[in-house]
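Work through the exercises below with the sequence and the coordinates open. Try each task before reading its solution.

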Amino acid sequence: MRHDGKHAASPAGGGPPPAVELVGLNKSFGPVRANQDVCITVQPGTVHGIVGENGAGKSTMMAMLYGFYKADSGSIRINGETVSIGSPSDAIELGIGMVHQHFMLVEPFTVLENVILGVEGGGLIGTSLRRARKELKRLADEYGLDVDPDARIRDLPVGLQQRVEILKALYRGAQTLILDEPTGVLTPQEADHLFRILDTLRAQGKTVILITHKLREIMAITDNVSVMRCGTMVAHRATAETSQEELAELMVGRTVLLRVDKQPASPGECVVSVNDVTLVDDTGRKRLDNVNFSICKGEILGIAGVSGNGQSELLEVLSGITPVKDGRITFKGHDIVAPGLRANPQELRRQGVGHVAEDRHRMGMIMDFSAAENTILGYHCDPEINGPLLMDLDRVDKRCAGYMERFDVRPPLPHLAASGFSGGNQQKIVLAREMEHDPDLLLVGQPTRGVDIGAIEFIHKRLIAMRDAGKAVLLVSVELDEILSLADRILVMFDGRIVGEVSAEEATEQQLGLMMAGIDAEPEVRA
Amino acid sequence: MFMTLILLLDSTLRVATPLVLAAMAGLCSERGGVVDIGLEGKMLGAAFVSATVASMTGSPWLGLLTGIAASILLALVHGFASITHNGNQVVSGMAINIVVAGLAPTIGNAIFHMNGDTPALSNAARFTAIELPGAAALKSVPVLGPIYSELLSGHNLLTYLAFVLVPLISWMLYKTRFGLRLRAVGENPEAVDTAGISVQWLRYRAVMIAGVLCGFAGASLSTALGASFIRDMTAGKGYLALAAMIFGKWRPRTTLLACLLFAFTDAVQARLQGVSLPVVGEIPVQFIIMLPYVMTVFLLAGFVGRVVAPKADGEPYVKEH
């Protein structure tokens with residue numbers, strides 16, 4: 001780290017200099033210009049929001065501020081002084097702390113061990129552990145950040161793990177705290193708690209930079225907001241003088257519909273019914289506990305819940321990936337999943353169960369395969385594309401080109417590797433594969449994870465269209481907004497159980513949030 | 001019967017020496033996230049260099065030092081491939097094993113013309129048995145006498161060193177800053193990187209420690225337990241050490257116990273050769289030699305239960321953007 005002592009022009013009014021100032025930052029990765037002439041000024045003692053779609057360059061900008069990358073050109077000023085940040089330890093020394101989207105915690109370690117990692121002081125850790133214990137107690141009192149210092153990280157719920165990350169930054173003396181998509185893994189109540197903590201931090205004079213794609217959060221907590229698009233900074237606003245609609249438009253570069261337009265559902269006969277399904281994993285934990293529900297033609301059933309409460313297992317059971325020992329699932333009048341029945345995703349697909357996997361990188365696609373090859377995964381035995389001996393690859397390409405046109409996949413190149421598409425376009429390829437085979441039941445997991453706003457709008461419309469065409473849709477999402485705007489009925493899962501059902505009209509975020517946290521909140525009690 | 005047991009345990013300790021040292025080497029490397037299948041090669045290399053230098057200079061100490069140096073050099077090759085260049089750690093380790101298995105006898109043959117082996121070392125050029133004080137006097141005391149004078153006394157320096165190192169390594173892992181960081185980098189290198197610590201330098205230190213320990217292990221084979229370098233004298237001990245480390249769940253104390261168990265079967269194996277057993281008669285020697293390896297397979301397959309390796313073990317650390 002090097003201070004060259006040059007002072008920035010002091011701001012008008014002679015107040016304190018900005019906590020953070022980025023001036024004309026540029027960063028390229030090969031031919032991709034991730035950041036172009038990015039400028040931002042963050043005033044001390046404020047919460048400053050940064051919004052933008054995936055790939056807009058928010059994370060790159062923050063990675064430069066935190067010393068992960070070196071900017072190609074441009075300068076960084078902290079408290080008015082131009083600095084050079086070559087590594088995270090430089091950033092830490094300058095009072096910058098970061099809470100990453102994926103927590104940087106060592107899971108088998110205790111809270112204390114995680115907190116002291118990198119700032120141990122001496123060669124032996126005994127004294128630093130004792131010092132950290134005292135300091136954590138002080139921080140807990142001051143900011144309302146209570147965590148058991150001896151708990152192991154892997155035993156803590158995500159909300160508390162995040163608190164440990166904040167504590168880590170404060171323990172290192174952070175004056176400016178960067179939070180990257182902090183609410184993605186939290187229940188609404190946990191998110192509220194986080195915002196109260198951020199409030200306290202602001203009140204104590206700390207500066208907070210909040211990166212998010214959730215506009216509601218920007219409106220709720222920030223003082224100022226900056227919008228990024230395609231690697232450039234497109235606007236700075238005082239939060240009080242802007243609206244969600246304006247921000248969305250700035251992010252995407254055109255007007256977007258935040259609300260999904262849909263008519264009331266007209267459900268028909270029952271397509272699939274899940275009866276008493278229980279699933280126990282290798283370690284003996286119940287992943288699914290006596291799950292019962294059914295879905296009718298022409299309705300979207302939403303499954304809400306914090307991730308890791310059995311939703312993934314439910315999708316895997318329904319799609320035939322995981323066999324079950326207890327319970328049965330009936331589809332169009334006959335058992336598709338039952339004890340002793342060999343589960344077979346390919347056979348289920350043939351019978352009309354489409355599955356858009358939650359994690360397209362892990363289950364939905366093969367990233368090194370071309371788009372065309374990805375469009376036949378799971379349907380590769382389809383007679384339409386198979387000759388007596390060889391596959392009709394021309395036909396696969398042609399069909400893929402058709403999908404790409406109908407689903408507006410950009411660029412429309414069937415031979416491009418899946419990894420060459422943006423998240424939104426990858427997801428469209430997966431959706432096209434499953435929807436174009438005209439399933440009677442469509443299982444959809446996290447359809448808009450890592451997908452930009454423009455594509456979200458498109459995907460939501462297609463799901464509604466599926467429903468209106470009389471198909472049954474099961475929607476699993478951790479985004480409550482998505483569940484609330486798409487689903488006709490909502491089930492909430494907690495710890496492998498269905499803890500409640502509400503109709504979409506009556507559901508409120510509050511009530512769903514409590515149910516997601518496992519706190520009993522029957523509608524009649526809350527009303 | 002009692003004396004038989006004492007003698008069996010006595011040879012267990014001797015056989016366990018290179019195993020314990022190599023297993024601790026693997027443990028240090030893997031807790032830091034670098035898989036070390038090259039224990040075998042490093043040990044073999046050190047055994048060769050130690051025996052060669054000891055036979056040329058007559059000093060076991062010079063042999064030991066040069067053996068360690070050779071082993072560190074091999075460890076650095078492994079580090080360069082797998083830490084600096086994010087290469088596949090198993091391939092790099094295996095390459096070391098193969099290269100050393102060929103190179104050592106070739107060089108040995110060029111120097112000594114003994115078909116790849118080195119000449120037998122005189123006792124002055126070896127680490128010989130150390131009598132603990134009072135061992136002779138206590139010999140006649142019942143029970144405790146034999147335990148002290150036969151079992152505990154009369155081992156070479158490197159054997160004692162191996163057993164002293166286990167608590168030291170345990171202390172290093174769990175009580176020192178270096179140990180904390182080492183364990184962290186094997187679990188989540190990103191967390192270490194964001195804490196402002198160099199992942200690469202930490203991992204280099206981990207493989208170098210493994211190099212030093214393998215150096216001790218190799219020297220113990222050719223200049224303490226044996227008296228010359230013999231082609232392929234490690235005979236899979238590096239892999240056995242790796243198995244012991246996994247069986248011991250990457251923890252020093254349990255790994256030590258696993259090593260002792262393997263060594264004990266080996267000692268039993270040696271004792272059973274040529275002995276006529278009731279009912280079955282004499283078992284062909286090939287079957288008996290298989291014992292420790294068969295047990296390894298069974299233990300690893302069935303009895304270990306859920307083994308959780310360090311999460312980032314074997315994963316090169318590549319920064320994402």
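The exercises that follow concern a predicted model.

**Exercise 1. The domains of chain A**

Task: State how chain A is divided, and describe the side of domain 1 that touches domain 2.

Solution: 
- Start with the bounds. Domain 1 of chain A covers 2–252, and domain 2 covers 270–526.
- Take the separation next. Over C-alpha atoms, the centres of the two domains of chain A lie 34 Å apart.
- Count the contact. Domain 1 of chain A puts in ten residues and domain 2 of chain A puts in 14 residues.
- Find the elements on the domain 1 side. α6 (188–203) and α8 (244–252) of chain A each give at least two residues. The largest share is that of α8(A), with three residues.
- Sort this side by class. Five residues are nonpolar, four are polar and one is charged.

**Exercise 2. The largest nonpolar core**

Task: Which residues touch the most other members of the largest nonpolar core?

Solution: 
- The core has 233 residues, and A:L65, A:L475, B:L19 and B:A244 touch the most other members.
- Look for the main contributor. Helix α10 (residues 199–225) of chain B gives the largest share, 13 residues.
- Turn to the domains. Domain 1 (2–252) and domain 2 (270–526) of chain A each put at least three residues into this core.

**Exercise 3. A helix pair**

Task: Describe the packing of α4 and α5 of chain A.

Solution: 
- Two packed helices are described by the angle between their axes and the distance between the axes.
- Here α4 (residues 126–143) and α5 (residues 158–171) of chain A pack at about 110 degrees, with axes 11 Å apart.
- Apply the cut-off. Angles of 65 to 115 degrees count as roughly perpendicular, so α4(A) is roughly perpendicular to α5(A).
- Name the residues. α4(A) uses A:A132, A:E135, A:L136 and A:L139, and α5(A) uses A:L167, A:L170 and A:Y171.
- By class, six of the contact residues are nonpolar, none is polar and one is charged.

**Exercise 4. Backbone geometry and exposure**

Task: Locate A:P411, A:D276 and B:K249, and say what marks the backbone at each.

Solution: 
- Recall the background. Most residues other than glycine have a negative phi, and most peptide bonds are trans.
- The bond from A:R410 to A:P411 is cis, with omega near -5 degrees. A:P411 sits in the loop between α13 (393–406) and α14 (423–435) of chain A.
- A:D276 has a positive phi, near 50 degrees. A:D276 belongs to strand β12 (residues 270–280) of chain A. A:D276 counts as exposed because it has 12 C-beta neighbours inside 10 Å.
- B:K249 also has a positive phi, near 55 degrees. B:K249 lies in the loop between α11 (237–247) and α12 (252–272) of chain B. B:K249 has 15 C-beta neighbours inside 10 Å, so B:K249 counts as partly exposed.

How values were computed:
Residues are numbered from 1 along each chain as its sequence is written. Chains are lettered from A and ligands numbered from 1 in the order in which they are written. This is a predicted model: local features need pLDDT of at least 70, side-chain atom pairs count only at pLDDT 80 or more; totals for chains, interfaces and linings use all residues. Domain bounds come from an automatic or database domain assignment. Two residues are in contact if their C-beta atoms, placed from the backbone, lie within 7 Å. Helices (H or I, at least four residues) and strands (E, at least two) are DSSP runs, numbered from the N terminus. Ala, Val, Leu, Ile, Met, Phe, Trp, Tyr, Cys and Pro count as nonpolar, Asp, Glu, Lys and Arg as charged, and the others, Gly among them, as polar. A nonpolar core is a set of buried Ala, Val, Leu, Ile, Met, Phe, Trp, Tyr and Cys residues joined through C-beta atoms within 7 Å. A residue is buried if 20 or more other C-beta atoms lie within 10 Å of its own, exposed if 12 or fewer, and partly exposed in between; C-beta atoms are placed from the backbone. Axes are lines fitted to C-alpha atoms, for helices over the stretch in contact, and angles run from 0 to 180 degrees between N-to-C directions. Angles under 35 degrees count as roughly parallel, over 145 as roughly antiparallel, 65 to 115 as roughly perpendicular and the rest as oblique.
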